[in-house]
Amino acid sequence: MGFFTASRHMKISNTLNTSSTITGFILLGFPCFREGQILLFVLFSVVYLLTLMGNGSIICAVRWDQRLHTPMYILLANFSFLEIWYVTSTVPNMLANFLSDTKVISFSGCFLQFYFFFSLGSTECFFLAIMAFDRYLAICWPLHYAVLMTGHLCTNLVVSCWVLGFLWFPVPIIVISQMSFCGSRIIDHFLCDPGPLLALTCARVPVMEFFWTIISSLLLFIPFLCIMGSYTLVLRAVFRVPSAAGRRKAFSTCGSHLAVVSLFYGSVMVMYLSPTSEHGAGMQKLVTLFYSVGTPLINPVIYSLRNKDMKHALQKFLGI
């Protein structure tokens with residue numbers, strides 16, 4: 001395996017050095033034997049299709065079941081729509097690389113993937129925050145919920161998430177794209193990530209690394225603090241409920257969202273508080289794979305298993 005990987009690296013390096021037509025980067029992905037690449041292609045193809053089917057089913061269930069036309073489920077349907085695009089920003093290119101010998105991604109293609117992957121990830125952070133805010137209003141202000149969380153407010157919150165998400169990273173990404181890159185231009189990852197990209201610049205740019213750390217930290221902690229604040233108030237309200245059945249019902253409406261928040265934030269915080277952290281390439285790939293491919297696959301299962309209304313709507317939609 002080590003000999004094969006070294007040979008593949010040598011082949012890619014020779015291709016870069018001898019061919020003037022190649023412009024861009026090499027995404028190594030998961031180097032292994034040809035048979036292993038085909039096996040990974042089949043595995044991730046199945047995961048991708050299941051992700052599309054799972055999140056698409058939630059969207060259709062919310063669309064066609066009148067009982068789910070409430071802010072909570074409208075937000076969930078939008079979140080599932082986001083997850084479809086989030087996984088699509090990485091997996092199709094990963095699948096193409098499994099069958100490619102050169103694994104080349106163009107310079108523009110690399111930075112487009114960089115932009116869309118991080119913009120969609122940013123949008124997900126904001127979506128998780130407004131979904132927690134919705135649960136806060138529903139549990140802490142049940143009698144005023146319909147008046148407070150109107151369709152107009154729900155629409156404004158959804159639009160704000162998309163706009164903020166896509167406006168958070170373009171400036172640093174454009175700055176990084178204007179830097180000079182030296183060496184082999186080999187990225188030991190399956191996507192264009194800031195850590196490996198900054199490592200390929202001709203000279204270290206501490207200011208850019210510091211700026212990236214700051215905006216990444218703000219993106220993670222501002223929504224996260226909003227989520228924690230919302231659930232702190234929710235817990236305080238729940239513990240005031242006199243009946244155990246009432247407390248269980250309140251917790252059941254929040255459990256799935258808390259599980260999704262824990263999975264997503266737990267893995268993302270490991271990676272992006274510092275893009276030049278000392279994580280090994282293998283660990284970077286595994287953690288990134290978990291939150292970019294694993295969580296979009298798991299989320300529909302979490303929401304459908306822990307929510308009776310959603311489970312019933314999905315069974316009705318699928319004819320089970």
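Start with the whole chain: of its contacts (heavy atoms within 4.5 Å) with a separation of 6 or more, 80% are between residues 24 or more positions apart. Before you click further, note that this is a predicted model, where local features need pLDDT of at least 70, side-chain atom pairs count only at pLDDT 80 or more, and totals for chains, interfaces and linings use all residues. Residues are numbered from 1 along each chain as its sequence is written, and side-chain values use heavy atoms, with hydrogens and water left out.

Switch to cartoon view and you'll find 13 helices and 3 strands; these are DSSP runs numbered from the N terminus, at least four residues of H or I for a helix and at least two of E for a strand.

Next, select residues 73–92 and 286–305, two of the spans that the unreviewed UniProt entry annotates as "transmembrane region". Such annotations may be inferred rather than shown by experiment. Residues 73–92 are 90% helix, with end C-alpha atoms 28 Å apart. Residues 286–305 are 100% helix, and there the ends are 26 Å apart.

Now for the strands, which count as paired if DSSP finds at least two bridges between them. Pick E1 (residues 24–27): E2 (residues 104–106) runs antiparallel to E1, joined by 3 bridges, and Gly 24 sits opposite Ser 106. E1 also pairs with E3 (residues 186–187), this time in the parallel sense over 2 bridges. Look for Leu 27 and its bridge partner Ile 187.

Which of the two is buried? Lys 285 is, at 7% relative accessibility, while Asp 188 is partly exposed at 32%. Buried means under 20% relative accessible area, exposed over 50%, and partly exposed in between, with a 1.4 Å probe and protein chains only.

The chain has 5 salt bridges by this rule. One of them joins Arg 67 to Asp 65, with the closest N and O atoms 3.1 Å apart; Asp 65 is buried at 6%. Asp 134 and Arg 135 make another, at 2.9 Å, and both residues are buried.

Technical notes. Salt bridge = Lys/Arg side-chain N within 4 Å of Asp/Glu carboxyl O.
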